Each structure stands twice: as structure tokens, then as C-alpha cells.
Amino acid sequence: MIPTTTTELLWLGIAYALLAFLLLCLCLATRWHWLVKALMVVVVSAFFLLHNQVLRGIAGWPADDALPPRFVLLSAVFDEPSPARQHPGAIYIWVNELKDHEALDLPRVHRLPYEKDLHRILGDGIKKARDGNTQIGTTEPRRGQGGLPWLRPGSDDKVQIKLSDLPRAQLPEK
């Protein structure tokens with residue numbers, strides 16, 4: 001697990017500990033039915049787990065969300081599969097989403113399932129980016145996926161990633 005050391009996360013953890021302590025005091029000090037007390041404990045625990053999952057998405061953890069339709073490729077890390085460890089592998093890709101032909105301020109890291117073709121495409125794109133050619137990526141559904149996207153099964157949402165060089169800016173004539 002990746003440790004997070006921001007003060008905001010520390011304060012949120014302290015706030016949940018205080019809430020759990022207040023709930024414990026409330027459960028011990030009242031004569032409410034035990035079902036009500038148990039329900040309160042379950043609800044607070046569920047909110048803590050939900051809070052933990054939400055923070056993973058905003059605290060720098062890789063997102064399992066779909067890649068944006070247009071993005072600038074910043075970097076990628078390849079975690080190759082290992083059948084001996086039953087590790088399926090993953091590709092972590094850092095991108096800046098493009099909206100209205102402008103990159104958003106903050107990059108986002110996405111986790112994709114490992115594929116050799118995707119490893120090759122992104123590896124070539126990173127080499128070009130290091131040579132000074134900014135890479136623009138686009139995503140589109142794989143061919144052969146007909147029908148409406150909301151009718152497809154959730155595991156069938158693979159996309160095809162294409163990279164191209166950012167067109168050079170045209171300087172005005174003197």
C-alpha cells in the first residue's frame with residue numbers, strides 16, 4: 001500500500017475516531033434498543049469504508065476509471081504479469097485530460113490491465129515524448145463491439161488507445 005502523509009488525511013482520520021468515540025458513548029449511555037445501537041455502528045462503519053475508498057481516488061491512488069477520450073501522455077509504468085505469483089500485471093499511465101484543446105491543470109494516474117500491444121504503444125509514445133514530441137492520446141471502443149454501450153457487460157469495456165504527435169505551432173509571418 002502507498003502511505004499517505006498529508007495533514008488533511010490525518011485530520012479526517014481523527015474526525016472519524018472522534019465520531020466513533022461519540023457513538024460508543026451514546027451507545028453506552030442510552031437505553032435504546034440494541035438493534036438501534038447496532039444499526040448506528042453499522043452505518044458509521046460503512047461511512048468509514050466509503051470514505052476510505054473515496055480518499056483512495058483523490059489522494060494519488062491509481063484510478064480504475066476509464067481514460068478520458070483525449071489526453072496528453074505524461075508517463076507510464078509497466079508492471080508485467082507473473083504467472084508464478086498469479087499476478088495479472090498492470091499498466092499505470094499518467095495523463096492530462098484535454099478539454100477544448102487545452103490540458104487540465106492536474107494529471108491523473110489510471111490503472112489499466114496489462115496487454116503487450118498496449119505496452120508497445122505506450123513505450124513508443126514515451127520514447128517520442130522524451131525526444132520532445134508531445135504525445136496526444138485518444139481512446140475509442142474496440143472494433144466489433146456493436147450495440148449500445150450501456151447494454152454491454154461491464155467487463156467488456158476495453159478501449160483502443162492511439163497516440164499521435166502534437167502538431168507544431170504555426171508561427172505568424174513577420
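**Figure 1. The salt bridge of the predicted model.** The structure holds one salt bridge, that is, a side-chain nitrogen of Lys or Arg within 4 Å of a carboxyl oxygen of Asp or Glu. The two partners are K162 and E140, whose closest N and O atoms are 3.3 Å apart. Because K162 lies in strand β6 (residues 159-165) and E140 in strand β5 (residues 135-141), the pair ties together parts that are 22 residues apart in sequence. Side chains of opposite charge can pair when their charged atoms come close.

**Figure 2. Accessibility of the two partners.** Buried means under 20% relative accessible area, exposed over 50%, and partly exposed in between (1.4 Å probe, protein chains only). K162 counts as partly exposed, at 38% relative accessibility. E140 also counts as partly exposed, at 32%. Of the 174 residues of the protein chain, 25% count as buried.

**Figure 3. Helices and strands of the protein chain.** The protein chain contains three helices and six strands. Helices (H or I, at least four residues) and strands (E, at least two) are DSSP runs, numbered from the N terminus. Along the sequence, their pattern is α-α-β-β-β-β-α-β-β.

**Figure 4. Contacts in the protein chain.** A contact means heavy atoms within 4.5 Å. Of the contacts with a separation of 6 or more, 56% come from residues 24 or more positions apart.

**Notes to the figures.** Residues are numbered from 1 along each chain as its sequence is written, and side-chain values use heavy atoms, with hydrogens and water left out. In this predicted model, local features need pLDDT of at least 70 and side-chain atom pairs count only at pLDDT 80 or more, whereas totals for chains, interfaces and linings use all residues.
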